[in-house]
2 protein chains.
Amino acid sequence: MATTSARLQAGSRPGGRSARVRAAVHRAVQELLTDEGAEPLTIPVVAARAGVHATTVYRRWGSVGDLLADVTTSRFSGDIVVPDTGSLRGDLERYACDLAKDLSDPDTLALVRATIGTGGEQGAAACRGERQQQLEAMLDRERARGNEPPSLERTTDAVLAPLYYRAVFTDQPLTPEWARTLISTLLPA
Amino acid sequence: MATTSARLQAGSRPGGRSARVRAAVHRAVQELLTDEGAEPLTIPVVAARAGVHATTVYRRWGSVGDLLADVTTSRFSGDIVVPDTGSLRGDLERYACDLAKDLSDPDTLALVRATIGTGGEQGAAACRGERQQQLEAMLDRERARGNEPPSLERTTDAVLAPLYYRAVFTDQPLTPEWARTLISTLLPA
């Protein structure tokens, strides 16, 4: 893997120095998290890997927790397009399978775990990302079809929770077959 | 709060030096995790707080991940007695309310988040603790009563997953009322 510092120093592309610093720092975080046996993630370690001054990172992100939350938010931004298959069952099945795939990615999982590890609601919110809004969009569409879908709370407990729990707290695979059983339990035929 | 080093140095109680070191290090981890704005948890920081040599901690636990997994395992050991109310519904309701209370404790939650944050299956296993076996014991008892309970996988998805997800990934309270709805969804009347 090319070092991010080399990429940063080459930086004559458009986008501005600020955007290049952000990209280099985000890449450095992800690389350090997936390195076997890397030292604990600290601002100086990230800065060194990214080829920027630690003060630059402190000024922009303040703490490792803020930085990880930003990387996670960026990682989850637009990762899943809310499906529109014509039925709530179809939408939720597609969504659950997409999220299962997303959370099965070792880089994503390492990032989610590290972000949770810095504690606090900010990291938790970054890990939830837009999930509630995405579920609500599918439930709203079902209401617009004249049907009464399960509540957002019930859908969160039945779909989001098992996907995150299995990814983060177990070593079991998030197969599409299993993800679909979550929907058939929520919406019995 | 009394410093753990004072407690360790006082150590003339029975149990042996090894047990006292373990207790002091475990306490130091929990104190550091609940300190506002504490520095990142490292072996030297834990050792200093516990009043022991860092080499002692390295020799015994190897890494922060190993240490956190040990503290979490110890924290969850015997925390919940598997209820025996005479019915699966009663057992699971009591269990879900107990686990909700357990996971709502800020010290426990800080420990679970930090342990997940060190990554890997060892920390995840420590956070799961004996939950699968506890559920299985209640399901087995229902089978012994001649009934066919839900599968362990279904019970995990319906009960454990929402409790852990809500505690770790959201800022919503784990109320007993909500915990009981998980059981009424799993076991419709």
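Modeller: I begin with the chain as a whole, which comes from a predicted model. Among contacts in chain A between residues at least 6 apart in sequence, 64% join residues at least 24 apart. Chain A has 11 helices and 0 strands, and the pattern read along its sequence is α-α-α-α-α-α-α-α-α-α-α. Along the principal axes, the C-alpha atoms of chain A fill a box of roughly 55 × 35 × 30 Å. Of the 189 residues in chain A, 47% are buried.

Within this setting we may turn to the charged side chains. Over all chains, the structure holds 26 salt bridges.

Consider a network first. In chain A, salt bridges link A:R75, A:D79, A:D102 and A:R131 into a network. One member, A:D102, is found in helix α6 (residues 88-104) of chain A. Buried means under 20% relative accessible area, so A:D102, at 11% relative accessibility, counts as buried. The side chains of A:D102 and A:R75 are joined by a polar contact of 2.6 Å. Residues up to four places away in sequence aside, A:D102 touches A:R75, A:F76, A:D79, A:I80, A:T108 and A:R131.

B:D79 and B:R131 form a salt bridge, and their closest N and O atoms are 3.0 Å apart. B:D79 lies in the loop between α5 (64-76) and α6 (88-104) of chain B, while B:R131 lies in helix α9 (residues 131-144) of chain B, so the pair ties together parts that are 52 residues apart in sequence. B:D79 is partly exposed, with a relative accessible area of 23%, whereas B:R131 is buried, with a relative accessible area of 0%.

Two further salt bridges in chain A may be set beside that pair. The side chains of A:E121 and A:R128 meet in a salt bridge of 3.1 Å, N to O. Here A:E121 counts as partly exposed, at 30% relative accessibility, and A:R128 is buried, with a relative accessible area of 15%. In the salt bridge between A:E142 and A:R145, the closest N and O atoms are 2.8 Å apart. In this case A:E142 counts as buried, at 12% relative accessibility, and A:R145 counts as partly exposed, at 32%.

Charged pairs are also found between the chains. The count between chain B and chain A is 2 salt bridges. In a salt bridge of this kind, B:R166 pairs with A:E153, and the closest N and O atoms are 3.2 Å apart. Between chain B and chain A there are also 6 residue pairs in polar contact, both residues being at pLDDT 80 or more. On the side of chain B that touches chain A, the elements that give two or more residues are α7 (106-117), α8 (120-128), α10 (152-169) and α11 (176-186) of chain B. Among these elements, α10(B) gives the most, with 12 residues.

The extent of this meeting can also be stated. The size of an interface is often given as the accessible area lost when the parts come together. Chain B and chain A bury about 2,500 Å² between them, and 64% of that area is on carbon and sulfur atoms. In terms of residues, 29 of chain B are in contact with 29 of chain A.

The two chains are related by a rotation. A rotation of 180° with 0.0 Å of shift along its axis superposes chain B on chain A, with an RMSD of 0.0 Å. That is the relation of a two-fold axis. Of the residues of chain B, B:G117 comes closest to the rotation axis, its C-alpha lying at 1.8 Å. The same surface serves both copies, since 100% of the contact residues of chain B recur in chain A.

Finally, the nonpolar side chains complete the picture. The largest nonpolar core has 70 residues. Those with the most contacts inside this core are A:L163, A:F169, B:L163 and B:F169. Leaving aside residues up to four places away in sequence, B:L163 touches B:A96, B:L99, B:A100, B:L103, B:L174, B:W178 and B:L182.

Technical notes:
Residues are numbered from 1 along each chain as its sequence is written. Chains are lettered from A and ligands numbered from 1 in the order in which they are written. Side-chain values use heavy atoms; hydrogens and water are left out. A nonpolar core is a set of buried Ala, Val, Leu, Ile, Met, Phe, Trp, Tyr and Cys residues joined through side-chain atoms within 4.5 Å. Buried means under 20% relative accessible area, exposed over 50%, partly exposed in between (1.4 Å probe, protein chains only). Contact means heavy atoms within 4.5 Å. Copies are superposed by least squares on the C-alpha atoms of residues with pLDDT of at least 70 in both. A salt bridge is a side-chain nitrogen of Lys or Arg within 4 Å of a carboxyl oxygen of Asp or Glu. Helices (H or I, at least four residues) and strands (E, at least two) are DSSP runs, numbered from the N terminus. A polar contact is a pair of N or O atoms within 3.5 Å; within protein, one must be able to donate a hydrogen and the other to accept it, and residues adjacent in sequence count only if both atoms are side-chain atoms. Buried area is the accessible area (1.4 Å probe) that two parts lose on being put together, summed over both.
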